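Let us take a friendly walk through one protein model, from its overall build down to a handful of residues. Have the picture at hand as you read.

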Amino acid sequence: MTTLPAHYTELCRLRREAATLGAVSSLASWDQETYMPNAAADGRAEQSAMLAELVHERATSPRVGELISLCESDAELQGDARIAANIREMRRDYDLATKLPPELVKELAETGSKAQHVWKEARAKSDFALFRPWLEKMVTLARRKAECYGTPEGGELYDALLNEYEPDARSAEVEKVFASLRERLSALIGELSSKGTPPSEAPLQVHVSSDRQHALGLKIIAAFGFDLDAGRLDVTTHPFCSGLGPGDTRLTTRYREDHWTDALFGTMHECGHGLYEQGLPKKDGLFGQPLAQDTGLGIHESQSRMWENFVGRSRAFWEWAFPVVNGEFGGALDAFGVEDVYRAVNTARPSLIRVEADEATYNLHIMLRFELERALISGDLKVADVPGEWNRRFTEYLGIEVPDDARGCLQDVHWSFGLMGYFATYALGNLYAAQFWEKIRMDISGLDDQFRRGEFGALLDWLRTNIHSKGRQFRAAALCEQVTGKPLEADPLLRHLEGKLRPIHGV
Ligand code: ZN
């Protein structure tokens with residue numbers, strides 16, 4: 001198209017303004033998590049609330065709605081696939097932002113904040129009865145939220161919540177993939193626990209100062225291709241990645257001096273998110289438009305898991321990284337070799353806490369949560385029955401007993417403030433990563449040799465071309481089919497885990 005019509009350019013300008021305000025708001029949050037003095041907390045709360053209000057006003061103004069309608073009925077615009085996708089996504093965002101009545105948004109925030117407070121106490125005392133009435137309130141509110149969005153076509157009420165994080169996904173489809181993963185993965189974990197020998201974790205327990213770990217983290221992400229002129233790495237209690245805008249992607253991590261791999265893998269994970277953010281086409285005037293935004297949390301997570309698990313836990317990577325790490329750590333790993341570290345970082349062992357779970361068992365923790373929240377929203381499961389159902393499934397999938405609710409259904413913060421429909425994206429990320437990985441290995445020859453030399457450019461180029469540059473033009477499911485020729489399935493992840501873990505555990 002030679003000249004774009006005024007209704008489209010005005011719409012894009014309004015999007016950019018809202019996104020620019022949003023970037024300032026994210027910068028304020030980043031600062032709050034990293035360098036803000038404690039005494040600034042009240043002032044920052046006021047600043048953040050005001051920015052959030054401004055962003056919301058811009059994003060939901062009736063003018064935006066009018067312009068979207070005009071663009072939707074403009075045949076010439078609709079004839080351009082990329083522009084049509086851009087408009088489709090602007091409609092989606094507008095509907096999501098305007099469908100919830102302000103009273104419900106307020107009630108969710110207020111009840112969520114109280115419920116979160118009670119959850120903290122209930123977890124500390126391992127007392128589900130204390131939390132139960134609050135979880136009941138939050139489930140009721142989540143259901144009301146889903147009803148405002150409306151049950152998506154061909155789906156169920158829960159899918160309206162899932163849709164916020166994984167656009168247009170249907171839980172019945174997700175469940176189909178999860179079911180085939182669950183059975184074989186559960187069997188693999190059982191086999192490794194009963195017949196295998198877990199590798200020694202001694203190489204991970206050498207003491208390494210935070211400064212040395214930070215220097216290593218910077219070196220690794222630079223090698224992966226993270227542009228440090230257009231990003232940073234800082235320290236926070238809860239690691240995250242924030243793609244603020246063109247030329248500004250911020251990663252955070254945290255250091256444990258008695259367990260150096262926590263920060264290293266955490267940093268590789270956030271770097272994977274950061275590489276995606278840096279690869280989105282935010283320049284060329286596209287900033288703020290869906291075409292320059294991620295296509296959903298599942299694909300975002302596939303990028304973090306790919307660098308963390310498929311690259312960072314591979315033998316070829318460690319053949320390059322071991323001397324780099326040991327050099328940076330002043331010889332702290334002299335008593336060990338490549339094979340020791342490679343095996344130690346690939347230990348699979350059932351454990352109770354999701355955030356401490358390994359690459360394989362992690363998926364079972366997620367599926368359990370997905371099943372329970374889906375049943376809570378449909379009404380098939382009562383809140384009072386959550387602990388019993390949690391414990392029963394946990395033992396069935398992971399083969400260990402849950403000793404108390406603090407280490408069972410009370411361990412995660414998410415449900416306390418009504419965050420439902422989110423967990424599934426973590427396991428979807430692993431599944432997408434594995435399926436992309438098999439295609440990458442077919443497309444790039446000599447990948448392992450490149451890793452052995454510390455070269456990751458061909459992999460990053462592939463991701464830039466096939467995933468990052470697409471922005472939100474395609475849904476995750478469509479992107480997966482387009483890139484790999486197949487819908488999402490569990491086999492690639494199972495092949496990856498079985499092929500790697502069996503020999504490491506000697507079965
Ligand atoms: Zn992540």
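A contact, or touch, means heavy atoms within 4.5 Å. Keep that in mind, since it returns several times below.

This is a predicted model, in which local features need pLDDT of at least 70 and side-chain atom pairs count only at pLDDT 80 or more, while totals for chains, interfaces and linings use all residues. Residues are numbered from 1 along each chain as its sequence is written, and side-chain values use heavy atoms, with hydrogens and water left out.

**The whole protein**

The protein holds 21 helices and three strands; these are DSSP runs numbered from the N terminus, with helices being H or I of at least four residues and strands E of at least two. Its radius of gyration is 23 Å, close to the 23 Å that the globule rule gives for 507 residues, so the protein is as compact as a globular protein of that length. That radius is taken over C-alpha atoms, and the rule is 2.2 Å times the number of residues to the power 0.38. The C-alpha trace spans about 65 × 55 × 50 Å along the principal axes.

How much of the protein is buried? Of its 507 residues, 54% count as buried, where buried means under 20% relative accessible area, exposed over 50%, and partly exposed in between (1.4 Å probe, protein chains only). Among contacts with a separation of 6 or more, 73% come from residues 24 or more positions apart.

**Two domains**

An automatic or database domain assignment divides the protein into domain 1 (6-150) and domain 2 (171-504). Where they meet, domain 1 brings 39 residues to the contact and domain 2 brings 42. The centres of the two domains, taken over C-alpha atoms, are 26 Å apart.

Thr425 lies in helix 17 (residues 424-443). With a relative accessible area of 3%, Thr425 is buried. Leaving aside residues up to four places away in sequence, Thr425 touches Tyr165, Glu166, Leu297, Gly298 and Glu301. Ile366 is 59 residues from Thr425 along the chain, and their C-alpha atoms are separated by 8.8 Å.

Glu277 sits in helix 11 (residues 260-279) and counts as buried at 10% relative accessibility. Not counting residues up to four places away in sequence, its contacts are Cys241, Gly243, Thr249, Lys282, Asp294 and His300.

Is Glu33 buried or partly exposed? Glu33, found in helix 1 (residues 6-34), is partly exposed, with a relative accessible area of 40%. Glu33 touches Val235, Thr236 and Phe240, again not counting residues up to four places away in sequence. Glu33 and Thr236 are 203 residues apart in sequence, yet 6.1 Å apart in space, C-alpha to C-alpha.

Most residues other than glycine have a negative phi. Ser126 has a positive value, near 50°, and so does Asp168, near 65°.
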